[in-house]
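Good morning, and thank you for coming.

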Amino acid sequence: MPEQPELTIQGWGPAGSHVATVDNTDGAGDGDLAPVADPDLSRALPKVARRYLARELGWSPRSTPPVPVGEISLAPSRLPDTARAALAALLGAQNVHTDRAARLKRAGGKSYLDLLRRREGDASDAPDAVVTPGTTEETAALLAACAGLGVVVVPFGGGTSVVGGLAGVDPDDRPSIAVDLSRMASVQALDVPSSLVTVGPGMRGPALEETLGRDGLTFGHLPQSWEFATLGGYAATRSAGQNSTGVGRFDELVAGLTLATPSGVIELGHPPASAAGPDLLGLALGSEGTLGVITELRLRVRPKPPASSYEGWSFRSWPAGLAALQRLARHDLLPDVVRLSDTDETRANLLMASGPGARALRASLRTRGHRDASLLVVGWEGLPSLVRARMRAAASLLREGNGIRLGRRVGESWKKHRFQAPYLRDTLMDAGLLVETLETAATWSALPTVYDTVRRALRESLTRNGKRPLIMSHVSHGYPTGASLYVTVLADRDDDLPIQQWLTAKRAATDALLAAGGTLTHHHAVGADHRPWLEREIGPLGVEVLRAVKERLDPQGICNPGVLLPE
């Protein structure tokens, strides 16, 4: 094979965005509001990619920059002085903030709609105050006080929700506060023989990995938002990481947690295992702040893998790639990392590829019958002997599916650049593009239908005046019974009605994927965006069970009332 290129992206519109927003750094006090992005990462599109998008979308590049931070509209805080004084008495005045900078930093998440509103100068979803408790006891006292004061509470970790998880919408329009968890961001205990670590919810992935690495350990949960998201956020949303096919989703890695609620504190989970009735740990995982605030997590860790190998494969078509993955799953040979891009995403990735071998690789794939190739990135980690054995066994099945091995440079390049994609999103939005994602999961038998149905719904809802969307998809997590499907959408933005443009498309796609047998969400959670459809997945009685639990733990309904449960 010719020299391989570097594939700098896998999907053009990732989960979350880190540019052109106010800073989400630790700390809640005063400070400058500045972009988070590294300017070297938020670079412009290559000329070939701009031409490709213009041709595919009917897009006319134009400058649509966000309004300056100083011009973002922010209403005065509605938190009564009596409430502020009560919270200051509990936490200390230095841990209660109502200034503009603190509130803007916690205004919403990182969905396309969140970014649109802030780019237009709308921070109506900003909290009325930001508080930073430092312990479980302080958090429990805070929640009890807010229940009595009639103040809504929204937990805030890294601010990376992409489904409206931080909206703080309250039907009674009560004042709201963001409970910033950055003061609870350390490793509290490490039990090496038991492979358990106890951490605070405000700790971020990189800090945890650095701490565990000193003892030769790793947690290994690496979502796209890894640089910014917090462990408490992972738990509250049942996150999945890029290595979750191998090491498990976040909820599978939680051995226990502490949940502070307005009604008291609950300790959930008893490792290594218990049969003492239903496992109530599952009620807190994925609860999205509606039951209380997670204040401590006990997580399963493992030895840092001494060997790893990432490589690329190509298949003649998307169905051929899916069939190959299904074969691996059936024989229990799925790698730790799985990333199968459809034809549209593969084509876009190859256009974005850099290095002298990029053009040669594209030509080679065409001559070998892979003009409409589907690119697969796979990764294995563990003991050297096990990595080699798993790779050999998997390669045999992939070749049976007529896969072409592209080599390690493709896989290692994806690994190197896998956290850079979010920085591209704001560049695209600056140039007048709609850039958003959605995701689901389905059984192997239903997945092709879900894929076709979602693409059709998006294409029909976003095609207008001769302009059409570019819809790119990939499988990012594999299971014995099925896989996830992650969809990236690019379209020429409707500058007159940009929010309605996406809401219409999102509604059509969600209805379509549920009707075809997909799940409402695989790893983005429910938030405000998906709550109208929750009953279709868990049923009316399931919703009532959740309401009953919330009524017992949060009788005043102060805990993140705008998410999860349907109105």
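I shall speak about a pair of strands and then about some salt bridges. Please bear in mind throughout that this is a predicted model.

Let us begin with strand β16, which spans residues 433-443. This strand is mostly covered, as ten of its eleven residues are buried. Its partner is strand β18, residues 482-492. The two strands run antiparallel, and eleven bridges join them. To take one example, A441 has S484 as its bridge partner in β18.

I turn now to the salt bridges. How many does a search of the whole structure find? The search finds 28. One of them links D492 with R62, and the closest N and O atoms are 3.0 Å apart. D492 lies in strand β18, whereas R62 sits in the loop between α1 and α2, so the pair ties together parts that are 430 residues apart in sequence.

Are these two residues buried or exposed? D492 is buried, because its relative accessible area is 6% and the limit for that class is under 20%. R62, at 24% relative accessibility, counts as partly exposed.

A further salt bridge joins D495 to R493, with 3.6 Å between the closest N and O atoms. Here D495 is partly exposed at 44% relative accessibility, while R493 is buried at 7%. Through shared partners, salt bridges connect R62, R464, K467, D492, R493 and D495 in one network.

Finally, E296 and R298 form a salt bridge whose closest N and O atoms are 3.0 Å apart, and both residues are buried.

Conventions: Residues numbered from 1 in each chain as written. Predicted model: local features only at pLDDT ≥ 70, side-chain atom pairs only at ≥ 80, totals over all residues. Heavy atoms only, no water. Buried < 20%, exposed > 50% of the residue type's maximum accessible area, 1.4 Å probe, protein only. Helix = DSSP H or I, 4+ residues; strand = E, 2+ residues; numbered from the N terminus. Pairing = 2+ DSSP bridges. Salt bridge = Lys/Arg side-chain N within 4 Å of Asp/Glu carboxyl O.
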